[in-house]
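User: I am new to this structure and would like to go through it step by step. Could you show it to me before I start asking?
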Amino acid sequence: MKPRQIVPNVHLIGAVDWDRRLFDQLIPLPHGTSYNAYFIQGSDKAALLDTVDPAKWETLERQLATLPAPDYLVIHHVEQDHSGATPQILDLYPDVTIVCNEKARGMLIDHLHVDDARFLVVADGDSVSLGDKTLTFVFTPWVHWPETMSTWLEEDRILFSCDFFGSHYATNDVFADRHEVYDGAKRYYAEIMMPFGTQVTKNVEKVTRLPIRYIAPSHGPIYDDPAFIIEAYRDWAAGDPQNMVCLPFVSMHDSTLRMVDHLTAALTDRGVAVERFDLASLDAGELASSLVHAGTIVLGTPTVLTGPHPLAAYAAYLANALKPRTKYATVIGSYGWGGKTVETIVDMMGKLKVEFLDPVLAKGMPRDADFAALDALADTIAQKHEGLARRRMADLTVCRTAQD
Ligand code: FEO
């Protein structure tokens, strides 16, 4: 794929990874991903922004062969899907200078053994002139590592944001179709940004003081209607939880499944949305995405070896690590003779600022009294959710405005 122009003298390069299906050996990639790099040619100097995953180095190398030698390599983030081909760039261009912040400098030395003599370390707000184009570095920490920063290209009003606003979405379209990219961008937010929601909100407000025309992330397509993804980020990071129960469950002999089915119906009857996930075939990205807006988490698990089923323990661990803004949580499921399932789950979800509702545990196959307890739980959740709404992409203010 040849370099693709965004505006004159600013090109999208890098690689589309159509076939990759797993990231970090953890995150499913149903739509593949991309590792975007950018090439900016000024009247005096040129800059390459980021590299690619080392597995795609040859793709980037072929594109660079069609372009002048860069004077600068800007590293926004040291995770190797973006910085991993830095050693190859340094070998190819012996005079190139790496531009990054102090935290990134240390990380590049640690992770990639980069020569300490190759750096120009910048502070928040510093600029580098390419002649008729100016790169200004905007520190955006914790989206999603401590060193993450963005670059503002003032003359063309482009924000190069790296992971921030990105999506694991393989496409050869340069610009995003909001209907295609929304779910992927939300999944990506959920998978890596959600634990840092407060910092995300601060960074959104920081960068939106700039008169942005384009947001160019390092995964997925470029936004030529940046208000769409900015408003989505505001909703994901700071919007109220929704009138929705996220219900991950696992069942071995259908007892817990019967309880999950009953609770799903009872919540539906009370006007509460349910997003269910069978943990035996879990897509962790879908569960993470659901957690972004869940008003309540109900974890369905049988008791196994005196505690939660290991798949339920994984879901509890994941929720705890992702720190969603959920308000309520509880456990339902069956047991054979005893155990500490609820205590274990509560301990595992200790980082969440949730009110734990009374669990519903059935001894063996659930009986009428257990179903009545599930009805009572549904009543409680419906009452707790009063005032919470249900929102989707079409409810974003910016979308309504655009469609009007
Ligand atoms: Fe896309 Fe945090 O790397």
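User: Leaving aside its neighbours within four places in sequence, which residues is Ala190 in contact with?
Analyst: Ala190 is in contact with Ala288, Ser289, Val292 and Leu322, where contact means heavy atoms within 4.5 Å. Please note that this is a predicted model, in which local features need pLDDT of at least 70 and side-chain atom pairs count only at pLDDT 80 or more, while totals for chains, interfaces and linings use all residues. Residues are numbered from 1 along each chain as its sequence is written, and side-chain values use heavy atoms, with hydrogens and water left out.

User: Where is Ala190, then?
Analyst: Ala190 is placed in helix H5, residues 178-193. Helices (H or I, at least four residues) and strands (E, at least two) are DSSP runs numbered from the N terminus.

User: Is Ala190 buried or exposed?
Analyst: Ala190 is buried, as its relative accessible area is 0%. Buried means under 20% relative accessible area, exposed over 50%, and partly exposed in between, with a 1.4 Å probe and protein chains only.

User: Which residue does Arg20 pair with?
Analyst: The side chain of Arg20 meets that of Asp53 in a salt bridge, at 3.5 Å from N to O. Arg20 lies in the loop between strand E2 (10-17) and strand E3 (22-23), and Asp53 in the loop between strand E6 (46-49) and helix H1 (57-64), so the pair ties together parts that are 33 residues apart in sequence. Arg20 is partly exposed at 23%, whereas Asp53 counts as buried at 15% relative accessibility.

User: And what does Arg270 form a salt bridge with?
Analyst: Arg270 forms a salt bridge with Asp379, and their closest N and O atoms are 2.6 Å apart. Because Arg270 lies in the loop between helix H8 (255-269) and strand E16 (273-278) and Asp379 in helix H12 (residues 368-384), the pair ties together parts that are 109 residues apart in sequence. Both partners are partly exposed: Arg270 has a relative accessible area of 30% and Asp379 one of 42%.

User: What about Lys384?
Analyst: Lys384 forms a salt bridge with Glu355, with 2.9 Å between the closest N and O atoms. This pair links distant parts of the chain, with Lys384 in helix H12 and Glu355 in strand E21 (residues 355-356), 29 residues apart.

User: Changing topic, which peptide bond is cis?
Analyst: The bond from Val143 to His144 is cis, with omega near 15°. His144 is in the loop between strand E11 (134-139) and E12.

User: What is the phi of Asn9?
Analyst: Asn9 has a positive phi of about 70°, although it is not a glycine. Asn9 lies in the loop between strand E1 (4-7) and E2 and counts as partly exposed at 39% relative accessibility. Arg157, also not a glycine, has a positive phi of about 55° and is found in the loop between E12 and E13.

User: Why mention these cases?
Analyst: Most residues other than glycine have a negative phi, and most peptide bonds are trans.

Notes
A salt bridge is a side-chain nitrogen of Lys or Arg within 4 Å of a carboxyl oxygen of Asp or Glu.
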